[in-house]
Amino acid sequence: MERFVRVVVIGGGNMGAGVLYHLAREGWTDCVLIEKAELTSGATWHAAGLVSRMIGAHALGLIHDYAVDFYKRIEAETGQSVSWHNCGSLRVGSTPPLYTVDTSIRPSFHSLRLTAHLRERTDAD
Ligand SMILES: Cc1cc2nc3c(=O)[nH]c(=O)nc-3n(C[C@H](O)[C@H](O)[C@H](O)COP(=O)(O)OP(=O)(O)OC[C@H]3O[C@@H](n4cnc5c(N)ncnc54)[C@H](O)[C@@H]3O)c2cc1C
């Protein structure tokens, strides 16, 4: 290993691997990633793999928004399959009014210029 590197990324989960990928993409070559166990063996290993744009926080929404577009193109860019399945999201609420939808998710959606529709139970029948 080089004695000096510009960046040391600690942890090879989704975040660490993502940071290293984006640094490399920007042309940074003197970077290392240190993982104490196996790559992606932390929380990333347990994740169900849901990447939804439907998220109730603006900053996190921006990250998810980027991720959805990113996963769409990374397969073509790297030749590495990431098993990306693009589909919509459905949130089911059991108690009216759907507080989180109205106060949190909907404003966040609007600011990201995404479309969300509130459906009544009768719509599903
Ligand atoms: C059951 C479950 C389901 C989930 N489902 C989803 C989902 O559907 N969608 C979603 O977006 N998110 C989901 N999440 C959340 C998501 O998994 C985490 O937010 C994400 O994986 C965190 O990534 P990370 O890289 O920060 O952490 P991690 O994946 O935990 O990576 C950290 C890495 O750092 C290493 N490490 C720690 N300390 C050191 C050290 N000192 N030196 C070297 N290496 C070190 C660890 O070994 C590990 O590999 C889920 C989480 C769980 C637990």
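Which pattern does the protein follow when it is read along the sequence? The order is β-α-β-α-α-α-α, and the secondary structure comes to 5 helices and 2 strands. Helices (H or I, at least four residues) and strands (E, at least two) are DSSP runs, numbered from the N terminus. The model is predicted: local features need pLDDT of at least 70, side-chain atom pairs count only at pLDDT 80 or more, and totals for chains, interfaces and linings use all residues. Residues are numbered from 1 along each chain as its sequence is written.

Strand S1 (residues 7–10) and strand S2 (residues 31–34) run parallel and are joined by 4 bridges; two strands pair if DSSP finds at least two bridges between them. From S1 the chain passes through H1 to S2, in a β-α-β crossover that is right-handed. That term applies if, with the strands pointing away from the viewer, the path from the first strand over the helix to the second runs clockwise. Within the pairing, valine 7 lies opposite cysteine 31 in S2, and valine 9 lies opposite leucine 33 in S2. In a regular strand, side chains alternate between the two faces of the sheet.

Cysteine 31, in strand S2, is partly exposed because 14 other C-beta atoms lie within 10 Å. The classes rest on C-beta atoms placed from the backbone: a residue is buried if 20 or more others lie within 10 Å of its own, exposed if 12 or fewer, and partly exposed in between. Cysteine 31 and valine 8 are separated by 23 residues in sequence, yet their C-alpha atoms are 5.9 Å apart. For the protein as a whole, buried residues make up 4% of the 125 residues.

The expected span of a helix is 1.5 Å times one less than its number of residues. Glycine 27, which follows H1, has a positive phi near 95°.

The ligand has 21 residues around it, of which Gly11, Gly13, Gly42, Thr44 and Ala47 come nearest. The elements giving two or more residues to this shell are helix H1 (14–25) and helix H2 (43–46). A residue is near a molecule or strand if its C-beta atom, placed from the backbone, lies within 6 Å of it. By class, the shell has 9 nonpolar, 10 polar and 2 charged residues. Here Ala, Val, Leu, Ile, Met, Phe, Trp, Tyr, Cys and Pro count as nonpolar, Asp, Glu, Lys and Arg as charged, and the others, Gly among them, as polar.

Threonine 40 belongs to the loop between S2 and H2. Its phi is near 65°, a positive value in a residue other than glycine. Most residues other than glycine have a negative phi. Threonine 40 counts as partly exposed because it has 16 C-beta neighbours inside 10 Å.

Helix H3 (residues 58–78) has 21 residues and reaches 29 Å from its first C-alpha to its last, close to the 30 Å expected at 1.5 Å a residue. A kink of about 30° in H3 is centred on lysine 72, the bend at a residue being the angle between axes fitted to the seven residues ending there and the seven starting there. Just after H3, glycine 79 has a positive phi of about 80°. Serine 83, in the loop between H3 and helix H4 (99–111), also takes a positive phi, near 55°. With 7 C-beta neighbours inside 10 Å, serine 83 counts as exposed.

The loop between H4 and H5 contains threonine 115, which is exposed because it has 7 C-beta neighbours inside 10 Å. Threonine 115 and methionine 54 are 61 residues apart in sequence and 9.7 Å apart in space, C-alpha to C-alpha. Arginine 121 is part of helix H5 (residues 121–124) and is exposed, with 10 other C-beta atoms within 10 Å. Between arginine 121 and serine 94 the separation is 27 residues in sequence and 9.4 Å in space, C-alpha to C-alpha.
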